[in-house]
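Please look over the sequence and the model shown here, then read on.

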Amino acid sequence: MYDIKKIYKATSVQDAIKHLVDDPNALIIAGGSDILIKIHKGKLAGCSLVSIHDIDELRGVSMQDNGDIKIGPLTSFSNLSKDHIIKRYIPVLGEAVDQVGGPQIRNIGTIGGNISNGVTSADSASTLFALNAMLEITGPNNSRIIPISEYYLGPGKVDLKNGEVLTAIIITKENYEDFTGHYIKYAMREAMDIATLGCCVTCKLNDQKDTIKDVHLAYGVAGPIPMRCPRAEKSIIGMKISDEMFNTLGKIALTEVKPRTSWRASKEFRLQLVEELCKRSLKEAIKKSGGVING
Amino acid sequence: MAKVVLSCTVNSEPQQIIIDDRDSLADVLRDKLHLTSVKKGCEVGECGACTVLINDEAFDSCIYLAIWAEGKEIRTVEGLMDADGEISDIQQAFIDEAAVQCGFCTCGFIMSSMPILESDEEYTRDEIRKQIAGNFCRCTGYENIANAVEKVKEDRMNNKK
């Protein structure tokens, strides 16, 4: 039995918001694979919860009329990986979340929870940063849409004010159309592990498939929160695919990241991963776009 | 905290159980329904010993609140028994392949393998390993466990042809 002070099972978004407003100390529980563990370990013992687990309107993936893709934040990692729209238009996101934990965790864990607990190592986060995901946040009086980069306020802290619920993750058409991407999770084990470093690159090539038209580079665990490397991106836009281009990307990325030493890995090792993984991810992304590496 | 009534189906039988809304599903299955195949190992969703099927998907029942099981269909190893009380092919395969050592992880592994065995799709050895990667065997008998699952998968696919 969990040490929970009280738990309310919300039946709709509005119902959840109402109960969150009534009890400002209540936490939102979605899949529970972070919250329940923190309760078990005592960190959140005695907390009040509002469960959004049963709000089916927050599940699933849909294509909007304008071509944007809307992801319900309660969509589990496994359902996201299996989803036809994701497979067809944003396969990199399905591949990234297929590397979370193990099968049971991917069945219970939700993409909204993954970003809303604010940790830098979340496997979906770097990919959502690379995709310039927009987040719809619904509160008692209105709803607002913000870029994911503004959602993260600090480690473990996201921009959810009292009574607010993350209600949609939106990937706009211009951020997936003609882009291909690749995510690398560097971890000590192939399953049930947390990323030592995560790196997602999405790119768009020119018609000749030999020049980078656009590139997005994002990391997890390269700083206190997931991050992009805008200077590194800019430095290779318009460059021909070459060793020089890969090296430029890696070198400039190193100047933008701020990894630290933790029990999982040293800062020095993470820096080496930052430089190496962006090249490997970009190479794979280029190949998926039909580009050729080394000539 | 509050007492609530949970209505769900467990191993094909409809159940109405009075539970505490702080109970995990593992607590309810073990303590209220005495389904002790559901093992509590790590209790934080890392070892997979408490794996059960909820609407045919594998979940760690230790980190699944029982109140979420309302209206759902839950299956445990006890439910694999046939009408004559015989064990199922996958349980027999675990015996035949010596995939059981201390036995604590066995029921969890069997439930994790069910979505593979009940799927119409082919699975490679690597795909099988990936699907049972959320279960720990501290006796480290992984090869024999994968052998047992692979064997039953092959048999079931052949029987379908």
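Which pattern does chain B follow when read along the sequence? The pattern is β-β-α-β-β-β-α-α-α-α, and the secondary structure of this chain comes to five helices and five strands. Chain B has a radius of gyration of 16 Å, close to the 15 Å that the globule rule gives for 161 residues, so chain B is as compact as a globular protein of that length. These values, like the others in this report, come from a predicted model.

| Property of chain B | Value |
|---|---|
| Box filled by the C-alpha atoms, along the principal axes | roughly 50 × 35 × 25 Å |
| Residues that count as buried, of 161 residues | 45% |
| Contacts joining residues at least 24 apart, among contacts between residues at least 6 apart in sequence | 56% |

Chain B also touches chain A. The contact takes 26 residues from chain B and 22 residues from chain A. On the side of chain B that touches chain A, strand β4 (residues 57-60) gives the most, with four residues. Sorted by class, that side of chain B has ten nonpolar, nine charged and seven polar residues.

Chain A is divided into three parts: domain 1 covers 4-50, domain 2 covers 60-174 and domain 3 covers 178-288. Taken over C-alpha atoms, the centres of domain 1 and domain 3 of chain A are separated by 36 Å.

Which residues touch the most other members of the largest nonpolar core? They are Ile52(A), Val201(A) and Leu249(A), in a core of 139 residues. Helix α12 (residues 267-288) of chain A supplies the largest share of this core, seven residues.

Strand β6 (residues 134-138) and β7(A) run antiparallel and are joined by five bridges. The two strands form a hairpin, with four residues between them. Within this pair, Leu135(A) stands opposite Ile146(A) in β7(A). How many of the five residues of strand β7 (residues 143-147) of chain A are buried? The count is zero, and this strand is hardly covered.

Conventions. Residues are numbered from 1 along each chain as its sequence is written. Chains are lettered from A and ligands numbered from 1 in the order in which they are written. This is a predicted model: local features need pLDDT of at least 70, side-chain atom pairs count only at pLDDT 80 or more; totals for chains, interfaces and linings use all residues. A nonpolar core is a set of buried Ala, Val, Leu, Ile, Met, Phe, Trp, Tyr and Cys residues joined through C-beta atoms within 7 Å. A residue is buried if 20 or more other C-beta atoms lie within 10 Å of its own, exposed if 12 or fewer, and partly exposed in between; C-beta atoms are placed from the backbone. Two residues are in contact if their C-beta atoms, placed from the backbone, lie within 7 Å. Ala, Val, Leu, Ile, Met, Phe, Trp, Tyr, Cys and Pro count as nonpolar, Asp, Glu, Lys and Arg as charged, and the others, Gly among them, as polar. Domain bounds come from an automatic or database domain assignment. Two strands pair if DSSP finds at least two bridges between them. The radius of gyration is taken over C-alpha atoms; the globule rule is 2.2 Å times the number of residues to the power 0.38.
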